[in-house]
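The following exercises are meant to be worked through with the sequence and the model in view. Each task is followed by a solution in steps.

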Amino acid sequence: MEFLSSGKPVIAPMHSAMRDYLHPNCSFIIDSSIELCQWPHDPYGSFSTHRYRINWHSLMQQLQDSQQIAQEQPERYRQMSLAATAGMDSFCNLQHITQKLGTFLTATLPSAQQQQVQAASEASR
């Protein structure tokens, strides 16, 4: 997020939370696939979760592409830079975050306050 916010196109896999803000117009997307795995400290060693495995050939290709674009296509790199900054501005600027947090709190607080009042009422009995 920091690199995109500063106008640097990134090289990254598009999975988990990164799906929210990575786009081909501002990023060099690395292919990945889901594989089963164990939780690190699972005493039973059961395969009960998954992780994303990076495709190393795709990583190499995206590194080469990013270097080629930066050196030989400065206008395209500039467009990717502008798209990165604009995308991050719309995703995580203060106004956007304040609005989303306000919506969440408005929906959440009344029920939380109601639960507190009910708990206090039951405790005083």
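**Exercise 1: A residue of strand E4**

Thr 49 has a relative accessible area of 17% and is therefore buried, where buried means under 20% relative accessible area, exposed over 50% and partly exposed in between (1.4 Å probe, protein chains only). This is a predicted model, in which local features need pLDDT of at least 70 and side-chain atom pairs count only at pLDDT 80 or more, while totals for chains, interfaces and linings use all residues. Residues are numbered from 1 along each chain as its sequence is written, and side-chain values use heavy atoms, with hydrogens and water left out.

Task: State the element that holds Thr 49 and the residues in contact with Thr 49, leaving aside neighbours within four places in sequence.

Solution. 
- Step 1. Thr 49 belongs to strand E4 (residues 49–54); helices (H or I, at least four residues) and strands (E, at least two) are DSSP runs, numbered from the N terminus.
- Step 2. Contact means heavy atoms within 4.5 Å. Apart from neighbours within four places in sequence, Thr 49 touches Glu 35, Leu 36, Cys 37, Gln 38 and Trp 39.
- Step 3. One of these contacts, Cys 37, is buried at a relative accessible area of 9%.

**Exercise 2: The overall form**

Solution. 
- Step 1. Along the principal axes, the C-alpha atoms fill a box of roughly 75 × 45 × 15 Å.
- Step 2. Of the 125 residues, 21% count as buried.

**Exercise 3: Two paired strands and a core**

Task: Determine in which sense E1 and E2 pair, parallel or antiparallel, and list the residues of the largest nonpolar core.

Solution. 
- Step 1. Two strands pair if DSSP finds at least two bridges between them. E1 and E2 pair in the parallel sense over four bridges, and Ile 11 has Phe 28 of E2 as its bridge partner.
- Step 2. In strand E2 (residues 27–30), Ser 27 and Ile 29 point one way, Phe 28 and Ile 30 point the other way, and all are buried.
- Step 3. A nonpolar core is a set of buried Ala, Val, Leu, Ile, Met, Phe, Trp, Tyr and Cys residues joined through side-chain atoms within 4.5 Å. The largest one has nine residues: Leu 4, Val 10, Ala 12, Tyr 21, Leu 22, Cys 26, Ile 29, Ala 84 and Met 88. Strand E1 (10–13) and helix H3 (74–92) are the elements that give two or more residues to this core.
- Step 4. In soluble globular proteins, nonpolar side chains tend to be buried together.

**Exercise 4: Cysteines and an aromatic pair**

Task: Count the disulfides and describe the aromatic pair.

Solution. 
- Step 1. A disulfide is a pair of cysteine sulfur atoms within 2.5 Å, and the structure holds zero of them. For Cys 26, the nearest cysteine sulfur, that of Cys 92, is 12 Å away. Cys 26 is buried at 2% relative accessibility.
- Step 2. Rings of Phe, Tyr and Trp (its six-membered ring) pair if their centres lie within 6.5 Å; planes under 30 degrees apart count as stacked, over 60 as edge-to-face and the rest as tilted. The structure holds one aromatic pair.
- Step 3. The ring centres of Tyr 21 and Phe 91 are 5.4 Å apart and the planes stand at 50°, so the pair is tilted.
- Step 4. Because Tyr 21 lies in the loop between E1 and E2 and Phe 91 in helix H3, the pair ties together parts that are 70 residues apart in sequence.
- Step 5. Tyr 21 is buried at a relative accessible area of 14%, whereas Phe 91 is partly exposed at 26%.
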